[in-house]
Amino acid sequence: MVLNPVISKLAGKLVVLASASPRRQEILRNAGLRFEVVPSWFKETLDKGLFKAPHEYAVETAKQKALEVARRMPFKHLKTPDIVIGADTIVAVNSLILEKPVDKQDAYKMLSSLSGKEHSVFTGVAIVLCHDKDNQEVDYQMIAFYEETKVKFADLSEDMLWEYINSGEPMDKAGGYGIQALGGMLVEYVHGDFLNVVGFPLNHFCKQLDIIYNHSSSFAVEKKGSAHPLPNGSLGISILDQHSLQKGSEAEKHRSPDSSSPKLTQHIQNSSTSSPAHKVKRTSYESGVGSQSVVSNSSKHNDGESSRLTQLNRQQQTEQRGTENQPKTQDLKRICELMDGFKASKALFTASKFCMFDLLHNKPGLDAAEVAEEIKASVKGTECLLEACVSLGLLKIKDKAHPKPLFENTDLATSFLRSDAPFSLHGYIQHCSETLWPLFSHLESAVQEGVSQHQRVKRQKELCQDPVCSSQELKLRFMSGMHSFAKITAAAVATAFDLSRFRTACDLGGCTGAMAHELVKAHPGMSVTVFDLPAVVEMKEHFLQRNTDNKVSFVAGDFLKDELPKADLYILARVLHDLTDEKLHILLSKIAQTASSGCGLLLSEIFLDEDRGGPSRGLLQALSLSEGKQRSAGEYKLLLERHGFITAHTRHTGHLLDAMLSVKA
Ligand SMILES: Cc1cn([C@@H]2O[C@H](COP(=O)(O)OP(=O)(O)OP(=O)(O)O)[C@@H](O)[C@H]2O)c(=O)[nH]c1=O
């Protein structure tokens, strides 16, 4: 968002704030907006029971406030504004909507219901664009949205409550408090936009203006909040409405709020989420044509060539369809995403390498300079990296009202990117960065030569005199990558089938035992032997696992050369795709020789579609494979049958790995 050009787009236009709230006036004035204040006469009396969610009520009230002013001005003020802005702030707690208290007792009731609790503050905003037409008509378009901020109150004593109420501050404020003044003392934390609590979500508003004035083709595409039908048939959120009114029409002057509610005429976007705390930023590609619904309206005013809405929609449709000379916007965006993919990966790798997500987990709310100092990096570079991570949904800004951006982890980073999170991908990310990334930088040669680029990468590192890791360090890094991936995927594989009839299992190439631990957890009657190279087994202590009553043991050996432990069930998780055909047959023959009839074989891999058209995770992984290849479930099935294993079940788990259970005939 570029703030000034957005605000400057409004220069010379008659902008009207349909609000008496001094806070809204101050927020918009501070942002450099020039406007007239025409408080709305709309009475906030909509029946709350008719709304499914509190924000719908706030949005509808905001719309009615703005529309009332937009309609009144041409008659009472004898001028038509260009833009009317309406807003409504409410507090929602325990599914109750709190507005301004009517008296002290009411304020007491409200504030005691907030004491010690987290609640939501919603501000609904409506922007009405007015277009004077030649024939004494005004065209209206409406964009409505809302913002949610979570606020937690401390426990409030009776004395504190009454002292605050007697200060007089609660009376003209939703929920009976003003966070910007004395009420700030009652607040333990704020999650989301602070100004939204004060009465106006400035940031979201500017983004909407940016869409309207700078990106009109995506006008109705990138909105926040889901569109829910309202009782009166209009939509609450993210709508682009248009309706026309005859100047001086009696019917219009006396319309009731419900009957005057704008009709939905155009594109509606059902996207995104309601709460900044759980904001999931969808990519523009995802929020494309497929997720739009179009509702048509036969309003005569839609036919007008001069209608800005009509022009916008034409432009939008052209962009979506593409023309002979112009490519589709969605297609371009898709290509850009692919081109930028490596930048996003490298930003993630770098932030992860600097342990930024650990740092911001332990010290949330650091600014760029503080982070730079902690990770011993330049302030400028750190700032760029932090901002890139925010844009990728890995970090967020902690306190938007703070003069400097303060950074903290998003839920995504907390769950997967901290090195000590139960489902941390930190080790695997480092593996991607240190091992796979250099391989992919030689993809051209890999494609030309058809061989793994491991040797080339190694030679290059030696030439550049990169600090060479000891073989121990390399091993540990590799194991830690495998360990973190296995920890994430093991549960889905271990529980893909009922394995209770197998008492003993052997996980071939089981590395740190992550899968084995998950198996004994899911199947309490089972014990598992992890079989892997001696060099791997000797490092297992680095990856201490939960005590599982000694049901997991380790045996060192080479599954291509040594005798395999006896077991009822053999597990091959992410092993076969990495082997040459020759090695693969040696291994399967050895298992077949050791296994008795009825023994199981649990295979876990990414199964390609039978036509090898996807998934791209599997096909992209194949680009860096040293010797092996990716296969479909059908291909694996045939392979196993050649060694006497009949496939009983195949599971596309929808997780990172699929699974297949076969039984020795
Ligand atoms: C939670 C909170 C609310 N407010 C004020 O509460 C009023 C809400 O009422 P509204 O109905 O949305 O607006 P209004 O004041 O009646 O004005 P209008 O828009 O003309 O209806 C607005 O003032 C807001 O600032 C604060 O100043 N600080 C806070 O922490």
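User: Leaving aside its neighbours within four places in sequence, which residues is Asp558 in contact with?
Analyst: Those would be Phe531 and Leu533. Keep in mind that this is a predicted model.

User: Okay! And where is Asp558 found?
Analyst: Asp558 sits in the loop between β15 (552-556) and β16 (569-573).

User: Does Asp558 count as buried or exposed?
Analyst: Buried: its relative accessibility is 18%, and the cut-off for buried is under 20%.

User: New topic. How many residues does the largest nonpolar core have?
Analyst: That core has 57 residues. Phe357, Leu499, Leu569 and Leu602 have the most contacts inside it. Helix α19 (residues 471-494) gives the most to this core, namely six residues.

User: Where does this core lie relative to domain 2 and domain 3, and why?
Analyst: It lies between them, because domain 2 (333-421) and domain 3 (476-664) both give residues to it.

User: What other core lies apart from the largest one?
Analyst: There is another core of 47 residues, and its members include Leu17, Leu28, Val91 and Phe145.

User: Let's talk rings. How many aromatic pairs does the structure hold?
Analyst: Eight. One of them is formed by Phe349 and Trp437, with an edge-to-face arrangement. Their centres are 5.9 Å apart and the angle between the planes is 90°.

User: Which helices do Phe349 and Trp437 belong to?
Analyst: Phe349 is in helix α11 (residues 329-353) and Trp437 is in helix α16 (residues 426-440). The two residues are 88 residues apart, so the pair links distant parts of the chain. Phe349 is buried, at 10% relative accessible area, whereas Trp437 is partly exposed, at 29%.

User: Which charged residues lie over the face of a ring?
Analyst: Lys540 lies over the face of Phe554, 5.2 Å from the ring centre.

User: Last one: how many residues of strand β5 are buried?
Analyst: 12 of the 15 residues in β5 (residues 118-132) are buried, so the strand is largely enclosed by the rest of the structure. Strand β3 (residues 83-93) pairs with β5 in the antiparallel sense over 10 bridges, and Val84 has Val128 as its bridge partner in β5. Strand β6 (residues 137-153) also runs antiparallel to β5, joined by 15 bridges. There, Cys130 has Tyr140 as its bridge partner in β6.

Key:
Residues numbered from 1 in each chain as written. Predicted model: local features only at pLDDT ≥ 70, side-chain atom pairs only at ≥ 80, totals over all residues. Heavy atoms only, no water. Core = buried A, V, L, I, M, F, W, Y, C linked by side-chain atoms within 4.5 Å. Buried < 20%, exposed > 50% of the residue type's maximum accessible area, 1.4 Å probe, protein only. Helix = DSSP H or I, 4+ residues; strand = E, 2+ residues; numbered from the N terminus. Domains from an automatic or database assignment. Phe/Tyr/Trp six-rings, centres within 6.5 Å; stacked < 30°, edge-to-face > 60°. Lys NZ or Arg CZ within 6 Å of the ring centre and 35° of its normal. Contact = heavy atoms within 4.5 Å. Pairing = 2+ DSSP bridges.
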